[in-house]
Amino acid sequence: MGKVHPQALHSSATCNFTSKQETFTLWMKSLVLNGKGCTVFDSNGQIAYRVDNYNCSYRDEVQLMDQNGNILFTILKKQIKFSRLWEGYRYPATRNDHIGPCFRVCKNNRISRGGSTYEVELGLDKNQPYTHKIESSTCKSACKISDEFGEIVAELRRKKSCCGVDLGDDVLTMVVELNADLPLIMGLVVAYSLINSKM
């Protein structure tokens with residue numbers, strides 16, 4: 001059986017903003033036995049981010065962590081009328097704090113050919129809201145995250161082996177563009193995965 005990432009697993013320091021285009025490998029599995037979550041490897045095969053949900057029957061709240069287990073975002077499920085949405089709070093903020101969520105992701109209910117659109121509100125915790133958009137293809141694992149100007153800031157797609165063969169549905173390549181806030185992009189990816197029951 002081939003490895004998800006060919007390099008050994010060691011921890012490395014995580015930088016918040018990209019200084020160049022960077023590529024990550026997402027394995028939509030937890031490293032915790034019988035847990036739900038995902039593990040993110042950088043281009044050197046080192047763990048960069050992870051989500052480990054120890055209680056598989058309870059997915060209304062998850063934590064995005066760095067490689068050392070430090071919580072970066074708490075992501076909470078909300079139900080408003082007929083819509084499900086997910087809100088991300090920068091740690092250590094909680095839903096009871098006066099600080100609002102850093103981001104909110106919800107599925108756009110308009111029907112579109114070939115995929116779905118997800119509305120992203122950002123900057124809510126600073127009262128300086130702006131928007132991003134997540135667009136998925138027919139393959140729910142693949143998506144593009146674009147900013148308010150329509151520029152792509154990150155893209156997920158099925159990972160291919162060095163021979164060009166697609167790996168499993170649960171192994172993805174994520175390309176993040178220059179000057180992107182990595183923990184924030186990961187928070188959006190986690191929320192998107194939760195909406196689509198991929199985690």
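## Overall architecture

From the N terminus on, the elements of the protein follow the order β-β-β-β-β-β-β-β-β-β-β-β-α, which amounts to 1 helix and 12 strands; helices (H or I, at least four residues) and strands (E, at least two) are DSSP runs, numbered from the N terminus. The model is predicted, so that local features need pLDDT of at least 70 and side-chain atom pairs count only at pLDDT 80 or more, while totals for chains, interfaces and linings use all residues. Residues are numbered from 1 along each chain as its sequence is written, and side-chain values use heavy atoms, with hydrogens and water left out.

Of the 199 residues of the protein, 44% count as buried, where buried means under 20% relative accessible area, exposed over 50%, and partly exposed in between (1.4 Å probe, protein chains only). The accessible surface of the protein comes to about 11000 Å², of which carbon and sulfur atoms hold 50%; these areas come from the Shrake-Rupley method with a 1.4 Å probe, and for residues only the protein chains shown count as cover. Among contacts (heavy atoms within 4.5 Å) between residues at least 6 apart in sequence, 38% join residues at least 24 apart.

## The barrel

The 12 strands form a closed barrel that runs β1-β2-β3-β4-β5-β6-β7-β8-β9-β10-β11-β12, with antiparallel pairing; two strands pair if DSSP finds at least two bridges between them. From one strand to the next, the twist averages 20°, with axes taken as lines fitted to C-alpha atoms, for helices over the stretch in contact, and angles running from 0 to 180 degrees between N-to-C directions.

## Strand pairs in detail

Strand β5 (residues 71-80) pairs in the antiparallel sense with strand β6 (residues 83-90) over 8 bridges, and here Ile 80 stands opposite Ser 83 in β6. Strand β6 is also joined by 4 bridges to strand β7 (residues 103-107), again antiparallel, with Cys 106 in β7 as the bridge partner of Leu 85.

Strand β10 then pairs in the antiparallel sense with strand β11 (residues 152-158) over 4 bridges, Cys 143 standing opposite Leu 156 in β11. These two strands, β10 and β11, form a hairpin with 5 residues between them, and Gly 150 in the turn has a positive phi of about 85°. Strand β11 is in turn joined by 5 bridges to the antiparallel strand β12 (residues 171-176), where Arg 158 stands opposite Leu 172.

## The helix

Helix α1 (residues 182-195) packs on the sheet and touches β1 (22-27), β2 (36-41), β3 (47-53), β4 (61-66), β5, β6, β7, β8 (116-122), β9, β10, β11 and β12, its direction making about 30° with that of β7. The helix is mostly covered, in that 14 of its 14 residues are buried.

The 14 residues of α1 reach 20 Å from the first C-alpha to the last, close to the 20 Å expected at 1.5 Å a residue, the expected span being 1.5 Å times one less than the number of residues. Just after α1, Ser 197 takes a positive phi of about 55°.

## Cysteines

The structure holds 0 disulfides, a disulfide being a pair of cysteine sulfur atoms within 2.5 Å.
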